[in-house]
Each structure stands twice: as structure tokens, then as C-alpha cells.
Amino acid sequence: MPSADTVGRVFSLISSDDIRRILKSLYVKLKRNKALRPAVGNKFVLIIDGHESTSSYLRTCDKCLTRVMHTSKGDYLQYYHRYCLAMLWCDGFYLTLGLEPQLPGEDEVACAIRLLERVLLNYPRAFDLIIADGLYTRAPFFKFVLKHGKEVIAVLKDERRDLLKDAQELFKLEKSVSYQYRGIERKCWDIEHFSSWSQLGRDVRVVRSLETKSIRRQNTGKIHFENSEWVWVSTISQESLPTEEFVKLAHGRWKIENNGFNELVNYWHADHVYRHTPAAIEAFCLLTMLAFILFHAFISRNLKPEMRHKYSKLHWGRMITAELFRGLPDIETLFPP
């Protein structure tokens with residue numbers, strides 16, 4: 001197997017644009033083979049979020065972001081890299097469409113807009129709706145999405161916003177509807193035609209969900225109820241996306257955390273840096289995501305359901321790894337006594 005230095009040297013020479021072209025060709029083939037289906041209803045959803053990939057107090061490059069860390073031993077300047085990821089949420093399948101590194105002096109939303117420009121250029125018809133967290137509830141982001149004919153859902157949680165204040169007052173007057181979903185009781189309010197967001201310049205929809213989940217405590221065996229409240233703002237109408245489907249899709253934002261970042265970091269070691277250069281880091285992240293897509297395409301589209309449900313994905317990953325090592329020559333062949 002190649003050494004870490006060799007991996008770092010090779011990845012610093014790989015063109016990220018070439019990997020992006022391979023990712024696009026893979027999406028096209030999956031789409032033509034009808035392997036991609038909407039996760040909820042008839043809407044293809046793109047989830048966007050940011051992730052910090054690496055940090056260091058010593059290693060730095062010209063594209064590093066910086067921050068001051070306050071510790072008990074004093075203040076230290078830390079260098080780190082962060083990127084925005086766009087993931088297509090399909091039925092039982094997650095497809096990475098793009099990645100964009102955040103540049104010095106740039107916030108996450110500006111990076112996400114730059115990412116969307118690339119994604120919309122390469123995948124103009126791949127998705128209908130964009131889902132993001134509360135950081136993206138900004139007029140420039142919403143305007144950019146609307147300009148390109150897409151809809152958007154984002155978390156609404158800033159108490160200073162007039163929009164949230166108006167919605168909270170109207171929720172007291174409107175009647176709620178209740179839904180059951182996987183043991184969770186959801187009490188929802190859904191109101192359209194809010195004009196309180198003056199910076200956006202158009203009416204929006206606000207949805208609130210009060211959720212109650214029952215949990216049995218392991219030490220006592222008693223049932224405990226946990227309550228949570230969610231509020232979202234969106235440009236999509238009730239006619240296009242009913243309330244029940246809306247809430248399911250809005251909660252799908254966590255898919256990029258659980259099925260994206262967490263899996264990539266814990267099982268694919270996507271945060272490991274072999275060489276601290278912008279080109280090498282970007283190429284390694286993109287190639288890791290390419291392998292991630294191929295692996296999940298094999299699991300969900302090639303294996304028979306009986307085999308897919310019998311063994312975990314970790315089992316199949318170990319099997320593939322064993323086959324790769326099996327193809328290597330023995331140590332005695334490489335270094336005879």
C-alpha cells in the first residue's frame with residue numbers, strides 16, 4: 001500500500017475538476033437507470049450544510065481560516081478548514097453533488113451560494129427543493145434560490161425577527177393538526193402569506209411543529225416524554241407540499257449530519273489530512289465522496305434485498321477491504337529472505 005507521504009503527494013497533483021466530472025457522470029448513469037427516487041412525496045431534495053474538516057495550531061496554508069482559542073493557558077491562534085456540502089436525499093440513498101471550501105474572509109452562507117452556482121450549472125434539474133438550517137435564513141440566500149426556480153425550507157429560530165414574532169401570535173389563534181410518525185406525536189400549525197420578512201420582498205410560509213416522543217428509561221423502566229418545538233420558514237406553497245410531508249422533509253436536514261458527515265468522518269476518515277495544501281484536501285474529500293457514493297450504490301442497488309438486510313454495511317465494507325488486500329502480493333514476494 002502507498003505511504004502517507006505518497007498519498008499526500010499524489011492528491012496534491014489530482015485535478016478536482018476531473019473528480020467533479022466523474023461525480024456528474026455517476027449521477028447521470030444512476031438517473032438513467034432509474035436508481036434515484038424521491039425520499040418523500042414527489043420532491044427531490046438537496047440538503048446543504050457546513051462542516052469543519054481539519055484544524056491545527058501549527059500547520060497552515062494560504063487558504064486556512066483562523067480563529068482565536070481561549071484556554072486556561074492563554075489565547076492561541078488556530079488554523080482550520082471548512083467546506084459546504086450539497087447532498088441529494090433520495091429514497092434509501094444519499095448522493096453528494098458538490099463540495100466547496102470556505103475561503104478566508106467568507107462566511108458559510110456565501111460559500112453555500114458559490115457551491116449552489118456550481119451545482120445548478122452541473123445538475124440544473126436534479127432537485128426541486130433545498131433544505132438548510134437556521135444559519136441560511138437570510139434574504140440573499142433565499143433570493144438566490146428563488147432566482148433559479150427552486151424552493152427552500154430553513155429553520156426559523158431568531159427571536160429578534162419580526163416574522164417569528166408575527167407567526168407566534170397567529171399560532172395562538174389558528175387550529176393545529178396532529179400527525180403520528182414513528183412513535184412521535186406531532187402537533188402542527190401551517191400558515192401562508194407572511195409579509196413580515198421585508199428584506200426578502202415576497203410572502204413566505206411558516207410551519208410550527210410541537211413534538212412529543214416517549215422514551216423508556218433503561219435504569220427505571222419508566223416511560224419518559226420528551227417535548228421539542230420546531231419552526232421553519234419556506235417559499236413552497238401548501239398546495240405543492242402538504243403539512244405532513246413538509247414536516248417530514250424539514251426534519252430530513254439531519255440526514256446530512258447522520259448519513260453524511262458522521263459516516264464520512266467515522267468510517268471513511270474523511271477528516272484525515274495527508275498533506276496540508278488546499279488542492280490535496282479538496283481532492284481527497286471529493287474522491288472520498290466518490291467512493292462513498294459507489295459503495296452505497298452497490299449496497300442499495302446491486303445487492304438482493306435478502307443479503308442487504310441480513311448483513312450490515314460495515315460487514316460489506318470489511319468484505320471489500322479484505323478483497324483489496326487479498327489482491328496484494330505477499331510480503332515474502334516483495335521482500336524475499
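Q: Which residues line the second largest cavity?

A: A cavity is a set of points, on a 1 Å grid over the protein atoms alone, where a 1.4 Å probe fits but cannot get out, and lining residues have an atom within 4 Å of a point. Here the second largest cavity is lined by R20, L23, K24, L97, G98, L99, R118, V119, N122 and Y123. This is a predicted model, in which local features need pLDDT of at least 70 and side-chain atom pairs count only at pLDDT 80 or more, while totals for chains, interfaces and linings use all residues. Residues are numbered from 1 along each chain as its sequence is written, and side-chain values use heavy atoms, with hydrogens and water left out.

Q: Which elements give two or more residues to that lining?

A: Helices (H or I, at least four residues) and strands (E, at least two) are DSSP runs, numbered from the N terminus. For the second largest cavity, the elements are α2 (16-32), β4 (93-101) and α3 (108-122).

Q: What volume does the second largest cavity have?

A: A volume is the space filled by probe spheres set on the grid points, which are joined across faces, edges and corners. The second largest cavity comes to about 70 Å³, and the largest cavity holds about 90 Å³. Helix α8 (residues 278-301) gives the most to the lining of the largest cavity, with four residues.

Q: How many salt bridges does the whole structure hold?

A: Side chains of opposite charge can pair when their charged atoms come close. A salt bridge is a side-chain nitrogen of Lys or Arg within 4 Å of a carboxyl oxygen of Asp or Glu. A search of the whole structure gives 18. In one of them, R114 meets E100 at 2.8 Å, N to O. R114 lies in helix α3 and E100 in strand β4, so this pair ties together parts 14 residues apart in sequence.

Q: Is E100 buried or exposed?

A: Buried means under 20% relative accessible area, exposed over 50%, and partly exposed in between (1.4 Å probe, protein chains only). E100 is buried, at 5%, whereas R114 is partly exposed, at 23%.

Q: Which residue forms a salt bridge with K172?

A: The partner of K172 is E169, with the closest N and O atoms 3.5 Å apart. E169 is partly exposed at 47%, and K172 is exposed at 63%. Elsewhere, salt bridges that share partners join D17, R20, E100, E106, R114, R118 and E282 into one network.

Key. 1 Å grid on protein atoms, 1.4 Å probe; cavity = no way out; pocket = protein on both sides within 12 Å on 5 of 7 lines; lining within 4 Å.
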